[in-house]
Amino acid sequence: MGNARWRRLTEERAGGAKSVFHFDVQGSVAKSTHAGIPWLRFIRQRLGAGVHFWPFDGWDIPAGRSAIAEVYPAMWSRGFANDGRTGDQHDAFSIAAWLARADRDGSLSAFLNPELSPPERIVAQVEGWILGVPGLIRSGHPGRDAAGPPPGSRKKTESA
């Protein structure tokens, strides 16, 4: 169970990302998120160590492994021409194009290892992290846009 007002640290840092518990509102991803979890389990059961679930299996992806990472298409979709694609097609295109560009220019490794404090890293490895969301917020940090609250200002909206 979860509270629709609760947001993970990565959702707070991403700015406009909605909670994975926020169902039935425009832009919500809760249904898709929860519908996809059994498929992730299926993939894990079929591929075992052949797939790396980032960051749950660790922040560094071993060579020769396929990786599954959470992404937030709105972070990149405005940066690519739509060229007549549907919204879902454009989201998929934007993710693939951004990943290819980040791999070519060498910035992908930094996005796979966001700057997080040790306590934030522990939380993120349990809650998950959206690939491309900045860790520590620093103005002028190359390749990253500041988004969300400054480190340490996370507000808890649900009782433990």
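Is Trp 59 buried or exposed? I found Trp 59 buried, with a relative accessible area of 8%; buried means under 20%, exposed over 50% and partly exposed in between, with a 1.4 Å probe and protein chains only.

A note on ground rules: this is a predicted model, where local features need pLDDT of at least 70, side-chain atom pairs count only at pLDDT 80 or more, and totals for chains, interfaces and linings use all residues. Residues are numbered from 1 along each chain as its sequence is written, and side-chain values use heavy atoms, leaving out hydrogens and water.

Next I looked up ring pairs and found five aromatic pairs. Rings of Phe, Tyr and Trp (its six-membered ring) pair if their centres lie within 6.5 Å; planes under 30 degrees apart are stacked, over 60 edge-to-face, and the rest tilted.

One of them joins Trp 39 and Phe 42, edge-to-face at 5.8 Å centre to centre with 80° between the planes. I see that Trp 39 is exposed at 56% relative accessibility, while Phe 42 is partly exposed at 35%.

Trp 54 and Trp 59 also pair edge-to-face, at 5.5 Å and 90°. Trp 54 is buried too, at 2%.

I also noted a cluster in which ring pairs link Trp 76, Trp 98 and Phe 111.

Last, I checked charges over rings (NZ of Lys or CZ of Arg within 6 Å of the ring centre and within 35 degrees of the ring normal). Arg 121 has its charged end over Trp 59, 4.6 Å from the ring centre. Arg 85 lies over the face of Phe 93, at 3.7 Å.
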